[in-house]
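I am opening a notebook page on a structure that is new to me. The entries below record what I looked up, in the order I looked.

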Amino acid sequence: MNTKQVYNPFLPLNEYIPDGEPHVFGDRVYHYGSHDKEGGDTFCMLDYVCYSAPVDDLTDWRYEGVIYQAKQDPRYPAPQYMYAPDVVQGNDGRYYLYYCMGGDYGQGGYQGPVSVAVCDTPAGKYEYLGVVKNPDGSPMLKYICFDPAVLNDDGTIRLYYGTQYDFEERDDFLTNDFYLQDEIEMFGRSREEILSYPDSIMGPVMAVLSDDMLTVKEEAKHIIPYRVKGTSFEAHPFFEGSSMRKVGKKYYFIYSSWQNHELCYATSDQPDRDFVFGGTIVSNGDIGYRGRDAQHKLNMTGTTHGSIIEINGQWYVFYHRLTHKSDYSRQACAEKIRILEDGSIPQAEITSCGLNDGPLSAEGTYPAVIACNLTNGHMPHGSNSVFQIPFPNVTHKEQERFIAEIEDQTLIGYKYFDCRNVKIFGITYRMETEKNRVIFDGRYRTDVRSQDDENFANTYAEKDVLTKAVKPKQSTENTPRFRICIDTAENEIGTLLLDEKVEDWKNVTVQIEIPDGVHALYLVYVGQAKVQLKEIHF
């Protein structure tokens with residue numbers, strides 16, 4: 001494989017940095033985000049680290065080390081985890097890190113202030129500075145301080161933050177005390193304070209900070225309508241993950257919607273009002289791309305958070321994918337995007353090539369886990385959960401990363417490969433047994449928002465993931481195999497026969513003719529026993 005390539009996920013395969021906020025400082029792009037533990041059992045269990053790359057070589061990501069530790073915050077260890085951060089360069093030339101803290105499964109994450117750390121360099125050792133505060137010195141707690149994002153708008157420091165649930169959109173909000181009790185518990189605010197807001201305590205807001213990067217200069221206010229019914233945001237309301245970018249003179253507000261699998265955007269000529277919904281930039285299940293519906297998503301879906309950035313003349317969207325059958329082991333991915341002359345952003349397709357300068361070269365060996373599509377046709381949606389139900393997933397055991405629980409009719413997709421004179425294709429696989437099965441040793445949790453999807457996973461209508469045709473019942477063939485397909489799951493060009501007695505990693509190859517050109521590659525498994533996949537070979 002050509003070493004001057006990059007694929008999704010673009011960081012080392014043992015690294016889990018979701019909630020990506022990419023920024024170009026000088027001649028390098030820096031990737032900031034939360035830090036999940038591989039196989040973890042709650043969000044953001046590790047300290048902040050940073051990776052950077054030259055703007056003219058996105059194949060060369062460098063580990064910058066730990067840039068800030070949770071124990072540096074005076075509130076630690078209650079709460080103990082740092083959530084999605086952002087970094088901005090202040091008017092004094094220094095770099096400021098904004099973040100909020102929370103506990104297990106996000107508990108308490110809506111109740112604290114926005115904390116700030118500072119450093120003289122983009123990826124050095126940040127030092128705690130304080131919390132965002134009111135002019136009288138008290139912690140600023142107006143609205144819900146969550147997922148902060150910061151923009152230095154030609155010298156004006158703008159802080160964006162917030163979260164939004166649909167309690168107050170419900171017709172019986174004022175007569176059903178259940179909703180208000182939920183808000184009181186989640187937000188740690190009194191009934192009187194919640195009801196004192198003339199609009200809502202929830203929703204995305206913006207405040208202006210003084211040059212000290214801490215003191216509120218202009219109080220926070222909503223930037224988009226909280227009441228979404230009848231607005232352009234009705235089908236894709238704001239949930240969390242505020243991020244702001246300025247493109248020319250236009251402001252792009254990027255956020256995670258209630259659908260929870262997509263990054264959306266809205267645009268305005270003003271930084272704090274008049275935003276109009278633009279569309280979906282990316283979905284980690286490709287939902288919405290070319291009309292794909294949620295029932296036929298191409299991956300397990302779940303939380304997403306990220307932003308857009310221009311690097312060396314090309315625009316990208318940074319997002320994350322889910323692994324380990326949970327929301328707690330998320331990996332950074334990126335895709336090329338286009339901003340059209342009218343300011344719109346067509347939805348990007350999730351791929352394996354991502355930041356690469358074109359499709360990947362169909363030569364050598366690739367990790368199987370760079371698959372951009374992984375589905376058995378009934379993948380669940382995770383919300384703050386670790387699933388126990390079986391389904392294909394990216395996972396690890398000791399120092400090996402692979403796809404596990406591959407069952408009959410599982411589709412594994414790679415987009416895209418540039419194929420030139422490909423005559424042989426192979427894989428490294430093993431049958432899944434009690435000896436090599438991955439056993440999760442953390443705390444299982446299934447959020448109530450995932451229950452419907454879990455039930456669906458157990459009682460799904462059997463459909464083919466690409467054609468929506470009724471798929472065959474469980475295979476009765478004695479010899480397990482992978483169908484090798486290009487461009488679509490129906491265009492079979494070869495078959496890899498597997499040995500059902502193999503318990504240790506084994507290479508198997510087949511002579512095959514892949515036409516020259518750029519192709520999507522699909523492996524479709526047929527067999528009664530489950531399989532694990534470690535590598536693919538050209």
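**Entry 1: the model**

I note at the start that this is a predicted model.

**Entry 2: Arg330**

I began with Arg330, which sits in strand E21, residues 330-337. Is Arg330 buried or exposed? I found a relative accessibility of 3%, so Arg330 counts as buried.

Next I looked up what surrounds Arg330. Leaving out residues up to four places away in sequence, I listed contacts with Tyr16, Ile17, Pro18, Asp19, Asp36, Phe43, Cys44, Thr303, His320, Arg321 and Leu322.

I then checked the polar partners. The side chain of Arg330 makes a polar contact of 2.7 Å with the side chain of Asp36. A polar atom of the Arg330 side chain also lies 3.1 Å from the backbone oxygen of Asp327.

Which residue meets Arg330 in a salt bridge at 3.7 Å? I found Asp19, with the 3.7 Å taken from N to O between the two side chains. Asp19 lies in the segment before strand E1 (21-25) and Arg330 in strand E21, so this pair ties together parts that are 311 residues apart in sequence. Both Asp19 and Arg330 are buried.

**Entry 3: other salt bridges**

I wrote down a general point before going on. Side chains of opposite charge can pair when their charged atoms come close.

How many salt bridges are there? I noted a count of 31 salt bridges. I looked at a few of them.

One of them joins Arg273 and Asp274, whose closest N and O atoms are 3.9 Å apart. Arg273 is partly exposed at a relative accessible area of 38%.

Another salt bridge is formed by the side chains of Glu513 and Lys423, at 3.0 Å from N to O. Glu513 is in strand E31 (residues 506-514) and Lys423 is in strand E28 (residues 422-431), so the pair ties together parts that are 90 residues apart in sequence. I have Glu513 as exposed, at 52% relative accessibility. Lys423 is partly exposed, with a relative accessible area of 39%.

I also found a network of salt bridges that links Asp153, Asp154, Arg158 and Lys246.

**Entry 4: the backbone**

I turned to backbone angles with a general rule in mind. Most residues other than glycine have a negative phi, and most peptide bonds are trans.

Where did I find cis peptide bonds? One runs from Tyr76 to Pro77, with omega near 10°. Pro77 is in the loop between strand E4 (62-68) and strand E5 (81-82). Another cis peptide bond joins Lys415 and Tyr416, with omega about 0°. Tyr416 belongs to strand E27, residues 411-419.

I then looked for positive phi values. Cys44, already listed among the contacts of Arg330, has a positive phi of about 55° although it is not a glycine. Cys44 is in the loop between strand E2 (28-32) and strand E3 (48-54). At 3% relative accessibility, I count Cys44 as buried.

Gln409, also not a glycine, has a positive phi near 75°. I placed Gln409 in the loop between strand E26 (400-406) and E27. Gln409 counts as buried, at 15% relative accessibility.

**Entry 5: strand E29**

Last, I followed strand E29, residues 481-486. How many of the residues of E29 are buried? I noted 6 of the 6, so strand E29 is largely enclosed by the rest of the structure.

In a regular strand the side chains alternate between the two faces of the sheet.

I then looked up the strands paired with E29. E29 runs antiparallel to strand E30 (residues 492-497), joined by 5 bridges. Cys485 has Glu492 as its bridge partner in E30. The hairpin of E29 and E30 has 5 residues between the strands, and there Asp487 takes a positive phi near 75°.

E29 also runs antiparallel to strand E32 (residues 517-526), with 6 bridges between them. In E32, I found Val524 as the bridge partner of Arg483.

How values were computed: Residues are numbered from 1 along each chain as its sequence is written. This is a predicted model: local features need pLDDT of at least 70, side-chain atom pairs count only at pLDDT 80 or more; totals for chains, interfaces and linings use all residues. Side-chain values use heavy atoms; hydrogens and water are left out. Helices (H or I, at least four residues) and strands (E, at least two) are DSSP runs, numbered from the N terminus. Buried means under 20% relative accessible area, exposed over 50%, partly exposed in between (1.4 Å probe, protein chains only). A polar contact is a pair of N or O atoms within 3.5 Å; within protein, one must be able to donate a hydrogen and the other to accept it, and residues adjacent in sequence count only if both atoms are side-chain atoms. Contact means heavy atoms within 4.5 Å. A salt bridge is a side-chain nitrogen of Lys or Arg within 4 Å of a carboxyl oxygen of Asp or Glu. Two strands pair if DSSP finds at least two bridges between them.
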